[in-house]
Structure formats: structure tokens, C-alpha cells
Amino acid sequence: MDANNNMTINHAEKKRGSWRSSPLLWLIPLIAVLAFVFVYPIFQIVRLSFTDANLIDADFDYTINSYIRLFTLPGFYQMLSTTSFFVFFSVVFQLICGFFISLLIVQGEKFKIKGTVIVRTAVLVAWAVPGVIIGIIWNTMYNETDSGIFNYILSFIGMGPQPFLSDPLLSLLSVTIANIWRGTAFSMILIYAGLQTLPSDVIEAARIDGANAIQRLTRVILPILSPILLINLIIISIDTFNTFDMVMALTGGGPGRSTEVISLSIYNSIFNKFNMGEGTATAVVLLFINVMMTMVYLKVLGRKDK
Amino acid sequence: MNKYIWAAIICSLLLMITGCGGGDSGGEEIELTWSTTSGYSPEAPTQAASEHIAGKVREFEEAYPNVELVTEIQNSNIDEAMARILEQADSGRAPDLAAIDSYLLDRYKDYLQPLDDLMKEKGMEEEDFFPFAQDVMKGEDGKIYGLYMGTDTRVMYYNTEVIDSPPETWDELIETANDIQAEGYEGIILPGGRGEGASVTTLWPLFWGQGGELVDEEGNPTFGEGENREKMLEVLETMQQAVEEGALPQRMSSYGAEGDLNEEIAGGNAAMFLGGSFQESFLKETLGDDFENWDIAPLPQMEGGEPASTSGGWTWGIFTEDQEKQKAAFDLITDTFITGEAMDALDQLPALSTLYESEDYDGTEFTEKFRESLETEANVRPSATSYRVITVEMQTALSDVIAGNKTPEEALDDAWEVANSN
């Protein structure tokens with residue numbers, strides 16, 4: 001009788017133990033939260049993208065017209081090329097500027113130059129300021145009247161007022177520069193953290209082996225930093241693709257559609273034209289681009305990491 | 001013992017039921033739900049408006065002690081708020097009374113109650129309202145379904161020290177703009193970017209002035225076909241010509257709202273601009289003594305075009321079928337919002353023409369001219385659901401033309417292709 005009891009207790013304990021050792025129990029809250037705030041909204045967006053829903057009528061039908069319209073009507077390919085220009089130059093220059101600023105700060109700290117903390121703080125401020133405010137600040141600087149700061153400076157060298165926000169190409173360039181300024185800080189923080197962890201003995205060894213500064217940078221520092229650079233690249237790419245607030249405040253997508261990036265187009269479709277079907281179809285395209293880019297980055301750069 | 005307890009409970013319940021259902025209906029407690037914008041509520045942003053509305057609401061509550069007023073503040077996104085009320089009305093959950101954007105009133109008329117009898121009781125006549133307001137308020141059956149309160153109109157503001165006689169056509173306007181630039185002023189400034197201001201102030205008045213129609217009777221877009229296309233094309237070509245001749249600065253392609261011009265006006269370099277009646281107070285506040293040099297004139301038109309402007313504003317609609325509530329609601333809106341005192345406090349133009357003679361309406365320097373504009377030139381945007389796409393696409397087209405990004409033909413064709421495919 002006792003033996004039987006012991007066996008039953010052992011069996012129950014084993015069962016309880018297997019539950020305890022399983023990570024599933026701990027993951028349930030996380031899965032529930034993710035399903036609620038991530039999976040369900042994505043499902044709803046994909047579902048709505050196959051409808052003709054709008055913000056005025058409650059009724060809608062299922063259709064693929066939103067996608068057909070999106071790919072065939074004027075504006076879609078311009079939006080894609082505008083977004084590509086904006087994302088490519090923003091990401092490249094945020095990465096380059098962030099890298100060099102952090103390198104300068106590290107070198108400055110090494111040589112105990114005063115003011116490195118001020119530089120670090122000043123760059124960080126750009127990251128802390130909300131996008132809408134950045135849009136307004138840059139709008140003031142790009143102002144095309146006499147009160148515009150850049151045009152005022154340019155007037156001293158006889159370059160006259162430049163249409164920073166009303167020329168189709170110049171406005172896209174202006175928005176991209178503002179975004180580079182905004183995003184450089186984030187890259188700087190990540191790369192600065194990475195540079196702090198560089199093993200000094202490896203760099204010292206390279207120096208003893210006769211590697212010059214450029215060789216040390218390209219053959220030693222960059223390979224060690226590559227995991228951080230990869231994460232940085234993924235984050236700022238997705239972030240730039242999703243940029244909405246700053247562009248909205250700076251140009252509103254204009255003139256015409258010259259600065260209408262994908263996320264702004266989603267906003268315009270849903271909240272200005274009330275076209276939920278088209279807006280969500282554009283959102284699905286944006287989601288697809290983000291996922292594809294992340295996979296490409298992981299495949300190409302992640303392989304090197306291994 | 002239990003029997004006595006049960007008897008007491010049943011008696012109390014009966015008393016409660018009879019108490020609730022009985023009594024004189026006049027003294028019965030009723031709940032009146034009014035859905036309003038924050039600007040037309042005791043929480044209005046200006047002190048004058050807020051004090052006026054709060055005071056009138058207090059008076060209403062004293063006059064109707066049996067009415068509990070439930071205030072619902074609408075979403076600040078007007079279109080979203082309007083869509084919600086329509087959805088509520090469609091499912092029988094509409095508020096008893098609601099503020100409705102005037103140009104959208106048509107969409108609600110199937111759910112609203114006629115106000116003719118209530119107007120008669122108050123001594124209000126349909127003809128007392130401006131013609132454009134009557135068109136908005138009246139349903140297909142000839143009955144009145146909404147009460148227009150405040151409105152606005154679009155005009156040309158100009159500095160009389162710089163411009164002797166205001167231009168009447170766009171050809172004259174381009175010439176005048178070039179002349180004043182020689183004196184160091186800006187040419188003509190107007191909203192020409194992506195925003196509703198560009199549609200209502202710059203595009204539609206020129207298009208309507210030529211007799212153009214944005215939509216047909218079914219609400220389908222018509223602006224890009226037949227004669228309408230020619231008229232719209234002429235509007236865009238005129239804008240292109242104004243930019244090419246240096247009369248219209250390219251940067252106007254990034255100004256979507258009338259308010260976007262304010263910075264330039266305050267800078268003192270503007271001698272004329274196209275704007276809304278609501279900018280008068282800004283002009284007065286900003287220019288100080290120089291304001292007395294400013295005047296207004298009708299919007300310049302195309303050669304041979306008729307005077308035309310765009311008016312907006314808000315209406316009130318009553319959804320409840322309960323007659324007692326209807327009467328209370330009607331009293332609330334007429335006493336609070338459709339008086340001269342209210343229009344002064346809200347800094348708006350009355351849509352009720354008789355209010356202009358009212359002793360309690362002070363108005364402003366330009367009130368008489370605004371009144372003339374409302375009487376003779378005012379048009380209201382179509383309430384068709386296709387309007388949103390039309391306006392967004394045409395704002396983009398205008399902005400593209402002023403920025404030199406597209407030719408008028410390309411811009412119009414692209415806008416038409418999108419609007420017509422919806």
C-alpha cells in the first residue's frame with residue numbers, strides 16, 4: 001500500500017517537475033501580450049486590406065481592389081522611390097556620422113580633452129526631442145522667407161533664397177538631412193557603447209604588428225563592432241521606414257507628393273481620404289518591406305558574424 | 001414572519017414602480033444628450049466663448065429644472081466625429097442633439113427631425129437665413145432639418161496704402177502683384193499646398209465662378225470630364241501662369257491652410273492675400289494701428305467668371321423623436337448659439353441674416369462686406385462621400401503645379417484618375 005502511495009507521489013512530483021522545468025508556463029503571459037498587441041492588430045490590418053472599408057460607412061465588402069488600385073494608380077511608385085531615397089541616405093549617413101562622432105568622443109576621452117561630455121549630451125538632445133518638435137524646428141530653419149535661418153545665412157554669400165521646402169527635389173533632400181540629424185544620435189549611442197567594449201590588447205597587438213590607423217579601423221575595430229553595427233542598421237532602417245511625425249510637421253508630404261513617404265501615405269489614405277482598405281493595403285506593403293529588409297540584413301551581415 | 005417581510009418587499013417594489021411611471025409628464029425627469037465640439041461647449045478655448053456658453057447653459061438648466069443635460073464632446077478630428085455620429089444614427093443610438101459640420105448635413109437628413117414647427121413657434125423664418133444656408137438646411141421634401149449658426153467666407157485682404165483699387169480678375173491680380181513687388185512687397189499669397197484651405201480659398205471659388213461642378217447629383221466626381229475638366233484646367237493653368245510671371249511665390253505650394261499665411265502677414269511684407277473671414281481678428285491683433293489701412297474685396301475671378309466664395313460653419317440637428325426633448329433642445333441652441341451676442345462671443349459671422357440688424361450684435365469693421373459676400377457669392381462644399389478624395393487629390397495637384405513638379409494637364413489627369421476610380 002505504502003509502495004503504491006510512494007509511486008503515485010513520485011509520479012505527481014515528476015509531472016509537477018516537468019511543468020516547472022518547462023518554459024511554457026513562463027512564456028504564457030508574454031505570448032498572451034504579444035498576441036493581443038502584436039499578432040491581432042497585424043491580422044486585422046491584413047484583413048482590412050482585403051476590404052473596401054472606409055471611415056464613413058460601417059459596411060464593407062471583401063475585395064482585392066485596394067491592392068489593384070494601390071499598384072496601378074499614379075503615386076505608388078513615386079512614393080516608393082521617395083521612401084527609398086529617404087531611407088537609403090538617412091541610414092547611410094546616420095551610420096557614418098554616428099560612427100565618426102562616437103570615434104571622436106572616444107579619442108577625446110582617451111586624450112582627456114575637455115568638452116566630450118558636452119558633445120555627447122548635445123548629440124543626445126537631438127534623440128530626446130520628439131519628432132514633431134524637430135519638424136517644427138527644421139521648418140523654421142528652412143523657412144523660405146526672410147525669417148528663414150538658412151536663407152538668411154545664404155544671403156551673405158549671395159546665394160539668394162532657396163526653395164528648401166517648395167522645390168520637389170530640394171524638399172526631399174531637406175527632409176532627409178533633418179532626419180539624418182535626428183537619427184545620428186541613436187547610432188552614436190550604440191556605436192559609442194560598442195567602442196567602450198573594444199579589447200585594448202587586440203588593438204595594441206595590431207599596433208605592434210605594424211597596422212596603421214586605417215588598417216586598425218578596417219581590419220580590427222569594424223569587424224569587432226559588426227554585431228552592433230548590424231543591430232544598429234536593422235533598427236534605424238525600420239525606424240526610418242516608419243518615420244511619420246517629423247515629415248508630417250515639416251512638409252506634410254508636399255509639395256505635391258514629393259516628400260510623401262510610405263507611413264505618411266498610410267495616414268493620408270486613412271485619415272484624409274477615409275480609405276481604410278487602401279491605407280491598410282499600404283501598411284501591409286510597409287510591413288512586407290520591413291520584414292524583407294530585416295531578413296536580408298540578418299542573412300548577409302549575420303553570416304559574417306558567425 | 002416571512003410572510004410580512006415578503007409583503008413589505010412587494011409593496012415597496014409596487015410603490016417604486018408606480019412612483020416611476022406616474023406623475024405629470026411635464027415634471028418628469030428627462031435626459032437630454034447634446035453632442036458638441038469643444039469650441040461650442042463651456043470648454044471653448046477663448047474666454048469670451050467659454051463664459052458665454054457656460055452662462056447660457058446655466059440659464060437653460062434653471063429654465064428646465066427637469067432636464068438633465070448630458071454633454072458629449074466630439075473628437076477634435078471633425079471628419080471622424082461626424083462619421084461616428086452617422087454610425088450612431090444608423091444604429092438608432094444618436095444623441096438627442098448634435099453639432100454637425102454644415103457641408104455634411106445632407107448625409108444626416110434621413111435621421112434628423114424636421115424643425116419647421118419649432119421655428120414657427122420661435123418666430124423664425126427660413127428666408128431669414130442666407131440663401132446658401134437655406135440650401136444646406138432644407139431637405140428634398142422642403143422641410144428644415146438643421147439650424148445654421150456661425151459661418152465664414154473667403155475674401156481678398158489688401159493694403160489700401162499699396163493697392164488703390166483691388167483687382168477683380170486674375171489677369172489684373174497678376175499685374176498688380178508684379179507692380180507691388182517692385183515696391184518691395186510680396187506678390188499674391190494664398191494657400192496653395194496640401195490642406196483644405198487650398199481647396200476652399202484658392203481652387204473652388206475659381207472653379208465655381210466659371211460654373212464648374214465638382215460632383216453630379218449622385219455624388220460621383222465630375223470635375224475631370226467634359227466642360228468641368230476645361231474649367232478646372234483653366235484654374236490650374238492660371239496658377240502656373242502666376243508662378244511663371246513671378247506673381248505667385250513657389251513657396252505657396254507648401255501652405256495648406258489659411259493660417260499658414262499668418263507668419264508672412266505678420267512680417268509686414270504682404271500687401272494682399274486670399275484668406276478667410278476668421279483672419280480679420282488676427283490681422284487686427286497683429287498689425288495694430290496699421291490695420292486701418294487694410295480692406296477686403298471679393299476674390300478675383302477668371303475673365304468672365306461670376307463672383308464666388310466658399311462658406312463653412314456649423315449646424316445643429318435634432319435626432320430625438322420625443323417632442324418635449326425637441327422643444328428643450330431647440331431652446332438650448334437658439335438661446336445659446338443663434339443670437340448676436342453668441343456670434344460676437346464666438347467671433348463668427350451669423351448665418352441668420354436678420355441678426356446683422358440685431359442690437360446685441362456688434363460685428364467687426366468688415367462685417368457688412370462679409371455679409372454681402374455671404375448673400376451673393378457663398379457656396380458650400382458638396383456633402384458627397386467622394387468629396388474627401390476629390391479635395392485631397394486636387395490640393396495635391398495644385399501644390400504640384402505651383403511647385404513646378406507637374407504640368408496642369410498631368411496634375412489634373414492624375415487627380416481625376418484617383419478620384420474617379422474610387
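Which residue in E8(B) is the bridge partner of B:Tyr158? The legends below, drawn from a predicted model, begin with that strand pairing.

**View 1. Strand E6 of chain B and its two partner strands.** In E8(B), B:Tyr158 has B:Asp295 as its bridge partner. Strand E8 (residues 294-297) of chain B runs antiparallel to E6(B), with four bridges between them. Strand E7 (residues 272-276) of chain B also pairs with E6(B) in the antiparallel sense, here over five bridges. Within that pairing, B:Phe273 of E7(B) is found opposite B:Tyr157.

**View 2. The two covered faces of E6(B).** Six of the six residues in this strand (residues 154-159) are buried. One side carries B:Arg154, B:Met156 and B:Tyr158, while B:Val155, B:Tyr157 and B:Asn159 lie on the other.

View 3. A:Glu204 is partly exposed at 39% relative accessibility, and A:Arg207 is partly exposed with a relative accessible area of 39%.

**View 4. A salt bridge between B:Glu365 and B:Lys284.** The N to O distance is 3.0 Å. The pair links distant parts of the chain, 81 residues apart: B:Glu365 sits in the loop between strand E11 (349-350) and helix H13 (367-376), and B:Lys284 in helix H10 (residues 280-287).

**View 5. A salt bridge between buried residues of chain B.** B:Lys406 and B:Asp400 meet at 3.6 Å, N to O. Both B:Lys406 and B:Asp400 are buried.

Technical notes: Residues are numbered from 1 along each chain as its sequence is written. Chains are lettered from A and ligands numbered from 1 in the order in which they are written. This is a predicted model: local features need pLDDT of at least 70, side-chain atom pairs count only at pLDDT 80 or more; totals for chains, interfaces and linings use all residues. Side-chain values use heavy atoms; hydrogens and water are left out. Buried means under 20% relative accessible area, exposed over 50%, partly exposed in between (1.4 Å probe, protein chains only). Two strands pair if DSSP finds at least two bridges between them. A salt bridge is a side-chain nitrogen of Lys or Arg within 4 Å of a carboxyl oxygen of Asp or Glu.
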